[in-house]
Amino acid sequence: MDPERRRLLEVPHGRAPWRRWGPYLSERAWGTVREDYSPDGAAWDYFPHDHARSRAYRWNEDGLAGVCDDRQTLCLALALWNGEDPIVKERFFGLTGSEGNHGEDVKEYWWYLDATPTHSFMRWRYHYPQSAYPYQALLDANRSRGRLEPEFELVDTGIFAASRFFVVTATYAKATPEDILLQVDVQNLGPDPASLHCLPTLWFRNTWSWGLDDRRPRIGLEGHLIRADHAELGPRWLAFDGQPLPLFCENETNFGRCFGAAAQTPFPKDGIHDHVVSGRATVNPSQQGTKAAVWYRLDVPAGATRSIRLRLRDTPAGLGEDFDQVQDLRREEADAFYADLTPAGATDDEALVMRQAFSGMLWSKQYYHYSVRRWLAGDPAQPEPPAARWQGRNYAWTHLDNRDVISMPDTWEYPWYAAWDLAFQCVALAHLDPEFAKSQLILMGREWYMHPSGQLPAYEWAFGDVNPPVQAWAALRVFEIDGRQDHAFLERVFHKLLLNFTWWVNRKDTEGRNVFEGGFLGLDNIGPFDRSAALPADGHLEQSDGTAWMAMYCQNLLEIALCLAEQDHTYEDIATKFFEHYTLIAQAMNQQGLWDETDGFYYDVLRLSDGSRVPLRVRSAVGLIPLVAVTVLRPESVRHLDDFRRRMDWYTHHEPGIDQVVGHIHRRGRGDSRLLSIVDPERLRRILGRMLDESEFLAPHGLRALSRYHRDHPLAIDLGGRVARVDYEPGESTSGLFGGNSNWRGPIWFPLNYLILEGLRRFHAHLGDDFRVECPTGSGRNLTLLEVADELRRRLVSLFVNDPSGRRPVFGDEPLFQRDPVWHGLIPFHEYFHGETGKGLGASHQTGWTGLVADLIANRHGPSKASGQ
């Protein structure tokens, strides 16, 4: 066992010691719901980027390449200044939802190059321009552009011309769980000498200004060390090399700058910033406070590198003679850890992509703090929030009290957890740290997360929104990746998911006919209108995706119950319940109008109050999701479950129509295998005929979320004088529907591609090599479903690896990224991808579900046993 795996075994139940310190500091805390105390929920405007350097955060901190403890008591991060910018760069800049022509968007370039699951070794890289950062130019250019135009990016300003920028690399290594080494390397890639001010910063999260805890921690100078004292954390010492200038201030709001009010301290949060940029006397001459920085002025010749070293630990000691030895050892151990994960036959390029994807997922673990009741009521030492908030955002979630390290979708655009994103993230994380992945799935069902009704929290912008119920699927996958041994985990998750399943059945089946709604269900603008808003006609929407998700939920809970029944036969009754409930949902989906026999596809149906039905004939991922609701019951999985097997046999022989949703194959000497699937083999062929058609869903780099058919045949539907329209849009959204910052009308999205790929493998496990389809449709090339899944896997991975001409599709046509070796090996993991070119779009650090590419590379040929019983 490699040293990193041994360290993981030292971590009891997913907590300290090795995970106590990690990259749990967000890249953005401003503009979040947590920090918004406005009456109208205008989070971006209430706490803007311009306030972030001067205003104390109430709930979470942010910073560059930052680390903190798992309660975010003490934080360590970088601050940089090139001498030209109007402000010190302590956090990344980006446009808000209203400033960007396609919604919020970060305008910086940084990468997570390396990380181990215990955070014993981590590397982070940032490209910092040497000339003044064009804040206003980015704002003006994007505001002037419409939705039909692309976003104006930092690279478009020409600021990286002639390589006039610094490469800033932060490398962390842990000697012990409480001993953290940091080396910062600054390389000048420009043709001329250049200077950089580097200010590694240590500070306490502000817990004392709110009237709830008056214990004030302190940071001060102790010889050549900076000492930080906290009542709970205890003392910590920061050692640093060279002769930088220590600076001190308070992590408290500059009320004069932010609000025009009287100052409460002469040394506020932006005191160090103002002293460095303007020379103001805003740092504490007594060299103490709650925020401190060591100010290095680095003169870097052209092409040269300058380095600084720091060490944060729980003993009063200097850098130590073992600094380089520890860094080198942890780097070697990280290499060994990833070498073990890399499959035989993977190319060097695939290994690079996999490692950066996994590393991004580990860097995306953040401390998340939010108590809704406290947030609504306000704090004793602060102004009382507007009373209207008690009827506003998240008012029904007063039980929610979060203060945990959680895997986030994106460290800047989505610095908050999202329930269905997290499920996919856990599948990839299980390859690295199955205990952490399991703890995340358990966490979402805990009493301070799950609503008393059984609903799981969606995300902080609207905890009551409804996301696809994929947590049971994720629990099974994590269980399998971890070796199918931890039945206690499976049982613990199962009991909470029973509550959530019951919530779905009681809340999202309006007429009790096993046909479900759910709203947007994570697919934002995929329909002709917002599926989560009031419908444009009197009635309700019967959703093919909502109903298919619930069929899949039944299958997943059935599989879990069967696993648990192997050790406790009382679960056989529950397995029987979910088997039969699945058949009811699958039959309803096929018999109550969601299937269109003429088109050979599933659609949403608008059921109007007068009883009439209006099918929404949009060929989208909504109609492909039934392919993911598939499970294979093998004879060995039920051989010893006599009660379940007898009831299943009786039910399938006596209930009419069951053979349409439960296939049966008897193999001599092996017993009976059953396929639980909404689609029978005939319908499967028809759907795959469209899905694998390159003029419809199949793109060079995966499956589009909307058929290309709608490019020439847009859907327009008239509902009482209101015309709703759906066009094929392979890139950024051209409408403001659902905020306009994501688009499901043509691009490629990883989560659905991954589930469909897995579904194909399950179908193959039952149907075998004799079932073949054309891939691509019309090509004359007949493949098994396993071969189709492998082809889809290849196309998805091709987004990131070099093609024969040396291009990475994810970079689009940007020559700097495609041709310059300084940039070409630095991989962004975007939220979604252009349906024609594969260019990355949306959030640029979504190693949340896009990190599934690491799973596809690490598991090149799929699980050794297709998922399912």
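**Entry 1: a buried loop residue**

I began with the word "buried", which I use for a residue whose relative accessible area is under 20%. The model I am reading is predicted, and I kept that in mind throughout. I looked up leucine 521, which sits in the loop between α13 and β22 (539-542). Its relative accessible area is 0%, so I noted leucine 521 as buried. I then listed what leucine 521 touches, leaving out residues up to four places away in sequence, and found Val466, Asn467, Pro468, Trp504, Arg531, Gln543, Asp545, Gly546 and Trp549. I also checked proline 469, which is 52 residues from leucine 521 along the chain, and the C-alpha atoms of the two are separated by 9.1 Å.

In the loop between α13 and β22 I also found asparagine 514. Asparagine 514 has a positive phi of about 65 degrees although it is not a glycine. Is asparagine 514 buried or exposed? I wrote down buried, because its relative accessible area is 18% and the cut-off is under 20%.

**Entry 2: helix α13**

Next I turned to helix α13 itself, which covers residues 487-507. I tested its length: at 1.5 Å a residue, its 21 residues should span 30 Å, and the end C-alpha atoms are 30 Å apart, which agrees. My list of buried residues in α13 reads His487, Phe489, Leu490, Val493, Phe494, Leu497, Asn500, Phe501, Trp503 and Trp504. What covers these buried residues includes α11 (434-444), α12 (471-481), α14 (544-565) and α15 (571-591).

On the side of α13 the contact is made by Glu491, Phe494, His495, Leu498, Phe501 and Val505, while α15 brings Tyr571, Ile574, Lys577, Phe578 and His581. Sorted by kind, the residues of this contact divide into 7 nonpolar, 2 polar and 2 charged. I recorded the crossing of α13 and α15 as left-handed.

**Entry 3: asparagine 556 in α14**

I then picked asparagine 556, whose place is in helix α14. With 2% relative accessibility, asparagine 556 counts as buried. Leaving out residues up to four places away in sequence, I found that asparagine 556 touches Ala472, Trp473 and Leu476.

How many disulfides does the structure hold? I counted 0 disulfides. To understand such a count I reminded myself that a disulfide is a covalent bond between the sulfur atoms of two cysteines, and that the cut-off for the sulfur pair is within 2.5 Å. I checked cysteine 198 and found its closest cysteine sulfur in cysteine 249, 17 Å away, which is too far for a bond.

In helix α4, which runs over residues 135-144, I marked Tyr135, Leu138, Leu139, Ala141 and Asn142 as buried. What covers the buried residues of α4 includes α3 (49-52) and β5 (94-95). I went on to serine 163, in the loop between α4 and β9 (165-176). Serine 163 is not a glycine, yet it has a positive phi of about 55 degrees. At 22% relative accessibility, serine 163 counts as partly exposed.

My last stop began at arginine 685 in helix α18 (residues 681-691). Arginine 685 counts as partly exposed because its relative accessibility is 40%. Which residues does arginine 685 touch, not counting those up to four places away in sequence? I found Phe771, Arg772 and Val773. I also compared arginine 685 with valine 167, and the two are 518 residues apart in sequence and 52 Å apart in space, C-alpha to C-alpha.

Finally I looked at proline 776, in the loop between β34 (772-774) and β35 (782-784). The peptide bond from cysteine 775 to proline 776 is cis, and I noted its omega as near -5 degrees.

Conventions. Residues numbered from 1 in each chain as written. Predicted model: local features only at pLDDT ≥ 70, side-chain atom pairs only at ≥ 80, totals over all residues. Heavy atoms only, no water. Helix = DSSP H or I, 4+ residues; strand = E, 2+ residues; numbered from the N terminus. Expected span 1.5 Å × (residues − 1). Buried < 20%, exposed > 50% of the residue type's maximum accessible area, 1.4 Å probe, protein only. Contact = heavy atoms within 4.5 Å. Left-handed = near helix turned anticlockwise from the far one by under 90°. Nonpolar A, V, L, I, M, F, W, Y, C, P; charged D, E, K, R; others polar.
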